[in-house]
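Dear colleague,

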Amino acid sequence: MNKHDDILREAIGRRGAGLSLPPDFTLGFMARVRKEERRRRRIGVIWSILGIAVALMSVVVVCIVYCRDAFSDIMLSFRDMSAWDSPIMGMAVPVIVGVGVLLVFDTLIRARISAKSEKRQ
Amino acid sequence: MENLEAQIIRRILEGDVNRFGYFVDIYAPKVFSLISRIVPVREDAEELTQDALMKALRALPEFSMGSSFATWIYRIAYNVALSHCRRASRREVAVDEAQLRAVSDENVDALLDSPEDVRIKCLPEALDMLSPTELALVTLYYYEGVPLKEVAAVMDMSEANAKVRLMRTRKKLYVLIEKIYKKYE
């Protein structure tokens with residue numbers, strides 16, 4: 001070790017002298033980590049739910065559009081009936097209710113998995 | 001990479017983020033030490049240390065298990081400090097290439113080897129005038145005692161380049177010390 005190494009080391013050391021991390025730095029930082037992790041997971045769940053909802057709605061729309069041709073005869077025979085009694089609505093209502101039920105189950109299952117993994121940590 | 005660190009990293013990647021506390025305990029003081037030498041304002045240095053550690057946690061899946069965790073986290077800390085200095089437009093003094101060429105290594109050694117030389121009192125002010133890269137270089141090498149090969153890896157340059165930069169920084173310090181001394185003389 002040369003003398004100039006010591007001189008430089010001392011001068012650099014003095015530059016940050018008196019600066020130190022607070023004793024509870026790790027605690028504070030890890031609290032921030034856990035908070036961000038929870039937020040990240042929540043956002044992930046929201047995006048998953050949105051993704052599933054969009055996918056299911058697309059399926060519903062595609063079904064309705066294609067089934068309209070397939071059931072055009074039935075539609076014609078029912079055209080005098082009110083909109084709520086039409087075959088499209090007759091098909092769409094149970095599909096939408098089904099999607100809703102699936103989404104509720106999806107949310108519950110995800111919340112349960114998330115709670116379990118947080119408990120494990 | 002020690003076996004224990006590799007195991008902890010695997011646990012973190014499996015979702016157990018609380019294990020990152022181990023790395024915070026060990027590396028936060030080192031990260032803070034480097035950052036506070038480049039950004040000597042306590043609040044800023046502490047915030048940047050948090051940012052660097054958070055970036056390390058987020059980038060952990062990209063960490064190569066075969067390499068040194070210390071080098072990797074120093075690189076993140078160095079880049080965080082550098083970005084902060086760019087945003088803050090930190091004061092740095094450029095020195096002419098001709099001035100640097102005019103200084104011999106013997107002159108630099110003679111000055112930096114003489115603690116009794118009055119000009120040495122100007123060294124802290126000269127350090128203030130270095131660029132963040134130069135400050136990181138001398139902090140890692142002289143203060144933290146990091147081998148030049150690892151310093152080069154932290155700063156993303158070849159070992160030969162790091163050596164040249166270190167020599168130039170020492171010469172720059174010499175030129176700045178002379179300037180400051182003449183100003184007060």
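Across the interface of chain A and chain B, the rule finds 4 salt bridges (a side-chain nitrogen of Lys or Arg within 4 Å of a carboxyl oxygen of Asp or Glu). D51(B) forms a salt bridge with R32(A), their closest N and O atoms lying 3.8 Å apart. On the side of chain A that touches chain B, α1 (3-15) and α2 (25-70) of chain A each supply at least two residues (helices are DSSP runs of H or I, at least four residues, numbered from the N terminus).

This is a predicted model: local features need pLDDT of at least 70, side-chain atom pairs count only at pLDDT 80 or more, and totals for chains, interfaces and linings use all residues. Residues are numbered from 1 along each chain as its sequence is written, chains are lettered from A and ligands numbered from 1 in the order in which they are written, and side-chain values use heavy atoms, with hydrogens and water left out.

The contact (heavy atoms within 4.5 Å) draws 29 residues from chain A and 43 residues from chain B.

Within chain B, the buried residues of helix α1 (residues 3-13) are E5(B), A6(B), I8(B), I9(B) and I12(B) (buried means under 20% relative accessible area, 1.4 Å probe, protein chains only). Seen down the axis of α1(B), these residues fall within an arc of 165°, so they line one face of the helix (the arc is that of the directions from the helix axis to the C-beta atoms). Their cover includes α2 (20-38), α3 (42-59) and α4 (69-88) of chain B. After α1(B) comes G15(B), whose phi is positive, near 120°.

Yours sincerely

Definitions and conventions. Buried < 20%, exposed > 50% of the residue type's maximum accessible area, 1.4 Å probe, protein only.
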